[in-house]
Amino acid sequence: MRYCVRCGNEISREEYIENVGLCIDCYLKYRGVFTAKPVLDIVYCPRCGSWRWGGEWQKPAALSEVIRRAFLSSYSKYIDTSIVSLVDVEVLGELAKVYKNRYKASLAMHLVFNNAVNKLVESEIEVILNRKPCPKCLALSGKSHKALIQLRSEKGGLSQKEKRVLLKMIKEYASLGEIVEISENKYGLDVKVLSLNTAKKLVNDVVRLTGARVIESFRPVRYDPRRGKWRGITTLSVRLPSLSKGDLVEYRGEPAIVRSIDSTGISIELLNTHATIRIGFEAYWKGLLKKYGKIHYERIYRVIAVDRSTVYLLNEDSGEIREYPRTQSAWDLAEGATVYIIRHKSKEYLVKT
């Protein structure tokens, strides 16, 4: 038989707290759930809502959730865990201000005694709230950055379409609070980024989408004796390929025309055979695929007749009729097809529109 030394009631083994000789109700009434007064010292950023606990900054959260997480991570300092364990806690209502940055918070704690008996207990704790800008907000306010991304094009300036695509990607990172500044100049876009890791992730996304080439450089600013290395700014120079659909190019010495470009590579049509092949952007950067100047187009023609040796072409604006040898490159042309002639290195090539 077990009896509570305070109330004298006979109690079960699960409800008996052996090392103090009390039932659970008397334990809570006369000793209380806390062995020491809980005081949570929380630092939070007034700009973004992130908070610091245990020496590390955490992601922004509602104040009630911050208090809940902080208490869950530290309750063993205030509760005898050999008797009771904490399953969860809820902050009730608003904080009550006591003095300056000191507040009282009411908690509803879901407790388990002797690993068997569940109790919902309400109590108060003290919370000290210290307002302090987090490192990220300090860097943003001072426009401090660790990486600079220079977005450029091989052709000299970014097109409006390229700018729209790049700015969309940049704004996705800006929503995470990692972009310090975006500026535009006649050469392209400059993006200051808070951390080098984030800058490299953004650049990798650009490379996957556009096939760009990246050159990385580092400019030291000051020496950090504690870490034994230089601190500074890393510049990621990103160059987009100067290729567009319809460009005249030369692939491994053979003339071709660019038919399409997407994130996976480049499709070109070889003008001698009209075979379409797919190549990666590395061929462009290695010089295997070379771009020429503007294509010199002859007039647009319509195929009006075909025989075994000749394709007959009509320019409907001028009425001019031309005969073109039915070589391998023109063998699959049928009446009604629309074509134009490209002149490259004193040689003419028949190309479908």
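# Notebook: cores, sheet and ring pairs

**Confidence.** I began with the confidence of this predicted model: mean pLDDT is 85, and 93% of the residues reach 70 or more. pLDDT is the predictor's confidence in each residue, from 0 to 100. By element, strand 7 has the highest mean pLDDT (93), and helix 3 (residues 135-141) the lowest (70). Helices (H or I, at least four residues) and strands (E, at least two) are DSSP runs, numbered from the N terminus.

**Ground rules.** Residues are numbered from 1 along each chain as its sequence is written, and side-chain values use heavy atoms, without hydrogens and water. As the model is a prediction, local features need pLDDT of at least 70 and side-chain atom pairs count only at pLDDT 80 or more, while totals for chains, interfaces and linings use all residues.

**Cores.** I looked up the nonpolar cores (buried Ala, Val, Leu, Ile, Met, Phe, Trp, Tyr and Cys residues joined through side-chain atoms within 4.5 Å). Buried means under 20% relative accessible area, exposed over 50%, partly exposed in between (1.4 Å probe, protein chains only). The largest core has 38 residues; Ile42, Phe71, Met109, Phe113 and Ile125 have the most contacts inside it. Among the elements that each supply at least two of its residues are helix 1 (24-31), helix 2 (63-74) and strand 8 (117-131). Strand 7 gives the most, six residues.

I then checked Met109 for contacts (heavy atoms within 4.5 Å). Leaving aside neighbours within four places in sequence, its partners include Phe34, Phe71, Leu86 and Val121. A second, separate core has 20 residues, including Tyr173 and Leu202.

I traced an open sheet of five strands, order 17-16-15-14-18, with antiparallel pairing. Strands pair if DSSP finds at least two bridges between them. Strand 17 (276-279) and strand 18 (289-291) are the edges, each pairing on one side only. Strand 15 (residues 254-262) and strand 16 (residues 265-270) share six bridges. I noted that Ile261 has Ile266 of strand 16 as its bridge partner.

**Rings.** I counted three aromatic pairs. Rings of Phe, Tyr and Trp (its six-membered ring) pair if their centres lie within 6.5 Å; planes under 30 degrees apart are stacked, over 60 edge-to-face, the rest tilted. Tyr27 and Phe113 have ring centres 6.2 Å apart and planes at 80°, so this pair is edge-to-face. Tyr27 is in helix 1 and Phe113 in strand 7, so the pair ties together parts 86 residues apart in sequence. Both Tyr27 and Phe113 are buried.
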